[in-house]
Amino acid sequence: MNEEAQDMRARNKRATREAIGAAALRLAVEQGSPLVRVYDIAAEAGVSPRTYNNYFSSREEAICAFQSDRARRMGQALLSRPADEPLAEAVLAAVVEHATAEPDR
């Protein structure tokens, strides 16, 4: 598989994960977390329950995916900062980098 195809596949996987996570969070807010079923989340995201299970092992994991993924990206942005940069500057730069990297999120 060439690099371009791999990049597209990674983007599609990320989009699917984000769609499932967004659907889970939306349904949890509307219905209450204990009432949300995997089948409903999958249907709301436009995927099969099997596809849902390829991305998440529980409802709770799917519901928290947005914040978890965001925290992971912020951590990666912070780790990419120069080691000798003062912490306050590094945190601010990482936040700005994260917020402007993909403004559609």
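**A chat about the helices**

Visitor: Where does Gly46 lie?
Guide: Gly46 is in the loop between α2 and α3, and α3 covers residues 49-55. Keep in mind that this is a predicted model.

Visitor: Is Gly46 buried or exposed?
Guide: Gly46 counts as exposed, because its relative accessibility is 64% and the cut-off for exposed is over 50%.

Visitor: And what separates Gly46 from Val29?
Guide: Their C-alpha atoms are separated by 19 Å, with the two residues 17 apart along the chain.

Visitor: New topic. Which residues does UniProt list for "domain: HTH tetR-type"?
Guide: The UniProt record, an unreviewed entry, lists residues 14-74 under that name. Over that stretch the chain is 79% helix and 0% strand.

Visitor: Which residues in the largest nonpolar core touch the most other members?
Guide: That core has 14 residues, and the ones touching the most other members are Ile20, Ala24, Val36, Ile41, Tyr52, Phe56 and Ala62.

Visitor: Which elements give two or more residues to this core?
Guide: Those are α1 (3-31), α2 (38-45) and α4 (59-63). α1 gives the most, with 5 residues.

Visitor: What does Val36 touch?
Guide: Leaving aside residues up to four places away in sequence, Val36 touches Leu27, Ala28, Gln31, Ile41 and Arg59.

Visitor: How do the axes of α1 and α2 cross?
Guide: They come within 8 Å of each other and cross at roughly 120°. The two helices are therefore oblique to each other, and their crossing is right-handed.

Visitor: Which residues meet there?
Guide: On the α1 side you'll find Ala19, Ile20, Ala23, Ala24, Arg26 and Leu27, and they meet Asp40, Ile41, Glu44 and Ala45 in α2. You've already met Ile20, Ala24 and Ile41 in the core.

Visitor: Why give both an angle and a distance?
Guide: Packed helices are described as a pair by the angle between their axes and by how far apart those axes are.

Visitor: OK, what about the axes of α5 and α6?
Guide: α5 is residues 65-79 and α6 is residues 87-101; their axes come within 8 Å and cross at roughly 125°. That angle makes α5 oblique to α6. The crossing of α5 and α6 is right-handed.

Visitor: Which residues make the contact?
Guide: From α5 it's Arg70, Arg73, Met74, Ala77 and Leu78. From α6 it's Ala90, Val91, Ala94, Val95, Glu97 and His98.

Definitions and conventions: Residues are numbered from 1 along each chain as its sequence is written. This is a predicted model: local features need pLDDT of at least 70, side-chain atom pairs count only at pLDDT 80 or more; totals for chains, interfaces and linings use all residues. Side-chain values use heavy atoms; hydrogens and water are left out. UniProt positions are given in the numbering used here, feature names are shortened, and annotations may be inferred rather than shown by experiment. Helices (H or I, at least four residues) and strands (E, at least two) are DSSP runs, numbered from the N terminus. A nonpolar core is a set of buried Ala, Val, Leu, Ile, Met, Phe, Trp, Tyr and Cys residues joined through side-chain atoms within 4.5 Å. Buried means under 20% relative accessible area, exposed over 50%, partly exposed in between (1.4 Å probe, protein chains only). Contact means heavy atoms within 4.5 Å. Axes are lines fitted to C-alpha atoms, for helices over the stretch in contact, and angles run from 0 to 180 degrees between N-to-C directions. Angles under 35 degrees count as roughly parallel, over 145 as roughly antiparallel, 65 to 115 as roughly perpendicular and the rest as oblique. A crossing is left-handed if the near helix is turned anticlockwise from the far one by less than a right angle, and right-handed if clockwise.
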